[in-house]
Amino acid sequence: MRLDKIEKAIDLTQVQVAEREIAKLRRQISQLPQSSVIIKEAAASLARLDEENFWITLNHQRLEFLRSEIKPLFRTVSEADFKAMRFERDLLEFSLARLSEEKEKGETLKEGIVEQISELPLSVSFVKAEESLIRAAQSNHYWAKTDAITLEDALDELNSRLGPLMKFREQQTGPGPTHLDLKDEIYRKEMVEFGPQHESVSISRYREMVEAMIAELTAHNPILQKIKNGEEVSPGEATALAELLHAEHPHITEDLLRQAYKNRKARFIQFIRHILGIEILKSFPETVSEVFDQFIGQHTNLSSRQLEFLNLLKGFIIEREKVEKKDLINAPFTVIHPQGIRGVFSPAEINEILKLTERLAA
């Protein structure tokens, strides 16, 4: 993979990229086990690499020599951190895809890398020390770099700082304790990315930016003034306003407003009316809490265990924004009873709860 990247960089006259990868390749070769019989037998081939001139003019013929004569020697490598090595290989493959302008492949590889990073457990002190980089690397902003050298610097940083931590990755290999990293999930949900540069701010900060912009525009924008006065706006006016707000920082869209105000169903003009104080929109957490309070108020004979289950279910729906029937017999609900909802409620009560969850998730 590294040889392929060097070759591509040379073909594209990306001299700095090629030089960086050549330096890494030379370090890899220097770490081959010198006591190995295979390495000793290849002494003549390896001696060619000691000549500095070999690397200065690394043409296609010499690259082919490295592929045919040197690459097979790496089968002697043992006792290596193979999880770290796999992570480095994925980073290398991603950078090669970017270099080759294979956008779809690069995006797929990026998603795989981000998934690996997301599996690093912040409960481990060594991992916790790299929390800022771990969080940054899961944002689109981190990967939106267009300069080749800046991207290479970022990938090298990921490899050097997170590669050694890959052995701590959390992977489910069978039944065992369930780890719920709700803090990380909450953190992710409390951030919003916007604009062509993928800026990232807290949801509360984004709301402030949105409300400040709309307050400023309302003074002279006739469409906003109509909305403020309680007048109806035409579809064309709504589209014009949407385009205006999206064009300027903080690049407001309906999807971003849904995220910022935690309401998945409201439409663009409803959010504007809410911001201008004309209409009150309840957030999804508020709606869920209200529905559960009504349900509990209508069922006054619930036991403490049932109330505990409903409270857990409410938090689960708020966090995940959805729930399926199968979820209710798995963790975290099995903490309350090994059979989940089946061990806490009767079949008739379960049907009631399912209708409630379907209404919220609709």
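Helix axes here are lines fitted to C-alpha atoms, for helices over the stretch in contact, and angles run from 0 to 180 degrees between N-to-C directions. By that rule, α7 and helix α8 (residues 103–118) pack at about 155 degrees, with their axes 9 Å apart. The model is predicted: local features need pLDDT of at least 70, side-chain atom pairs count only at pLDDT 80 or more, and totals for chains, interfaces and linings use all residues. Residues are numbered from 1 along each chain as its sequence is written, and side-chain values use heavy atoms, with hydrogens and water left out. Helices (H or I, at least four residues) and strands (E, at least two) are DSSP runs, numbered from the N terminus.

**Helix pair α7 and α8**

- The angle makes α7 roughly antiparallel to α8; the classes are under 35 degrees for roughly parallel, over 145 for roughly antiparallel, 65 to 115 for roughly perpendicular, and oblique for the rest.
- α7 passes α8 in a left-handed crossing. A crossing is left-handed if the near helix is turned anticlockwise from the far one by less than a right angle, and right-handed if clockwise.
- On the α7 side, the residues that meet α8 are Phe 87, Asp 90, Leu 91, Glu 93, Phe 94 and Ala 97.
- Their counterparts in α8 are Lys 105, Gly 106, Leu 109, Lys 110, Ile 113, Gln 116 and Ile 117.

**Glu 93 in α7**

- Glu 93 sits in helix α7.
- With a relative accessible area of 16%, Glu 93 is buried; buried means under 20%, exposed over 50%, and partly exposed in between (1.4 Å probe, protein chains only).
- Leaving aside neighbours within four places in sequence, Glu 93 is in contact with Met 1, Lys 105 and Leu 109. Contact means heavy atoms within 4.5 Å.
- Glu 93 also forms a salt bridge with Arg 89, at 3.1 Å from N to O. A salt bridge is a side-chain nitrogen of Lys or Arg within 4 Å of a carboxyl oxygen of Asp or Glu.
- Arg 89 and Glu 93 are four residues apart in α7, so about one helical turn separates them.
- Arg 89 is partly exposed, at 38% relative accessible area.

**Salt bridges across the chain**

- The count comes to 27 salt bridges.
- Side chains of opposite charge can pair when their charged atoms come close.
- Arg 2 bridges to Glu 88, with the closest N and O atoms 3.3 Å apart.
- Arg 2 lies in helix α1 (residues 2–11) and Glu 88 in helix α7 (residues 82–99), so this pair ties together parts that are 86 residues apart in sequence.
- Arg 2 is buried at 9% relative accessible area, whereas Glu 88 is partly exposed at 27%.
- Arg 161 and Glu 130 meet in a salt bridge of 2.5 Å, N to O.
- Arg 161 belongs to helix α12 (residues 148–162) and Glu 130 to the loop between α9 and α10, so the pair ties together parts that are 31 residues apart in sequence.
- Arg 161 is partly exposed, with 29% relative accessibility.
- Bridges that share partners join Arg 2, Lys 5, Arg 20, Glu 21, Lys 24, Glu 88, Glu 152, Asp 153 and Asp 156 into one network.

**Glu 130 in its loop**

- The loop that holds Glu 130 runs between α9 (125–128) and α10 (131–136).
- Glu 130 is buried, at 16% relative accessibility.
- Not counting residues up to four places away in sequence, Glu 130 touches Arg 161, Leu 162 and Leu 165.

**Nonpolar core**

- A nonpolar core is a set of buried Ala, Val, Leu, Ile, Met, Phe, Trp, Tyr and Cys residues joined through side-chain atoms within 4.5 Å.
- The largest such core has 28 residues. Those with the most contacts inside it are Tyr 206, Val 210, Leu 241, Leu 245, Ile 252, Leu 257 and Ile 272.
- At least two residues of this core come from each of β1 (191–194), α14 (203–218), α15 (222–228), α16 (235–247), α17 (254–260) and α18 (268–275).
- α14 supplies the largest share, seven residues.
- Leu 241 touches Asn 221, Ile 223, Leu 224, Ile 227, Phe 268, Ile 269 and Ile 272, not counting residues up to four places away in sequence.

**Helix pair α19 and α20**

- Helix α19 (residues 284–298) packs on helix α20 (residues 304–320) at about 160 degrees, with axes 9 Å apart.
- α19 and α20 are therefore roughly antiparallel, and their crossing is right-handed.
- From α19, the contact residues include Phe 284, Val 288, Phe 292 and Phe 295. Among those from α20 are Leu 307, Leu 310, Lys 314 and Ile 317.
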